[in-house]
Amino acid sequence: MSGAWIGRAWLALVALGGTAAVQARDQRLLQAMLVAEDSRGTTEPELGPLFQGLASRDPGTLLRAIRGLGRLERPALAGRLLPLLKDPRPAVRAEAAHALA
């Protein structure tokens, strides 16, 4: 085996490990978002996971956060959702509109 091949194999393993770590972190955030929505929190710390989800680069996490905030049916949260109506992604705009309705 060449040193270059071993180096590429090692980099692939590191990348997979990094991906697994990101997936685990995303799963923890998704679980925390579900708990925040289910508990119908009212304070910033209680709703924090949903707010974190709004900042996620993962589209699925972002859409779940929007949906979760919408399900709380609180006009005070509209300020967090209104900017998403201008998002370049149609799915995000649609979910934000639905959450605000």
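Me: Which residue just after α3 takes a positive phi?
Reply: E73 does, with a phi of about 50°. Keep in mind that this is a predicted model.

Me: How many residues does α3 itself have, and how far does the helix reach?
Reply: α3 has 13 residues. From its first C-alpha to its last, the helix reaches 18 Å. That is close to the 18 Å expected at 1.5 Å a residue.

Me: Now the packing. What describes two packed helices?
Reply: Two things: the angle between their axes and the distance between the axes. Take helix α2, residues 44-54, and helix α3, residues 59-71. Their axes come within 7 Å and cross at roughly 135°. Angles over 145 degrees would count as roughly antiparallel. α2 and α3 are therefore oblique to each other. Their crossing is left-handed.

Me: Which residues of α2 and α3 meet?
Reply: From α2, look at L50, F51, G53 and L54. They meet T61, L62, A65, I66, G68 and L69 in α3. By class, this contact has 7 nonpolar, 3 polar and no charged residues.

Me: Which residues of α3 are buried?
Reply: T61, L62, L63, A65, I66, G68, L69 and G70.

Me: What about E95: buried or exposed?
Reply: Check its relative accessibility against the cut-off: buried means under 20%. E95 has 12%, so this residue counts as buried. E95 lies in helix α5, residues 90-100.

Me: Which residues is E95 in contact with, leaving aside neighbours within four places in sequence?
Reply: L63, I66 and R67. Two names return here: L63 and I66 are among the buried residues of α3. I66 is also one of the α3 residues that meet α2.

Terms used
Residues are numbered from 1 along each chain as its sequence is written. This is a predicted model: local features need pLDDT of at least 70, side-chain atom pairs count only at pLDDT 80 or more; totals for chains, interfaces and linings use all residues. Side-chain values use heavy atoms; hydrogens and water are left out. Axes are lines fitted to C-alpha atoms, for helices over the stretch in contact, and angles run from 0 to 180 degrees between N-to-C directions. Helices (H or I, at least four residues) and strands (E, at least two) are DSSP runs, numbered from the N terminus. Angles under 35 degrees count as roughly parallel, over 145 as roughly antiparallel, 65 to 115 as roughly perpendicular and the rest as oblique. A crossing is left-handed if the near helix is turned anticlockwise from the far one by less than a right angle, and right-handed if clockwise. Contact means heavy atoms within 4.5 Å. Ala, Val, Leu, Ile, Met, Phe, Trp, Tyr, Cys and Pro count as nonpolar, Asp, Glu, Lys and Arg as charged, and the others, Gly among them, as polar. The expected span of a helix is 1.5 Å times one less than its number of residues. Buried means under 20% relative accessible area, exposed over 50%, partly exposed in between (1.4 Å probe, protein chains only).
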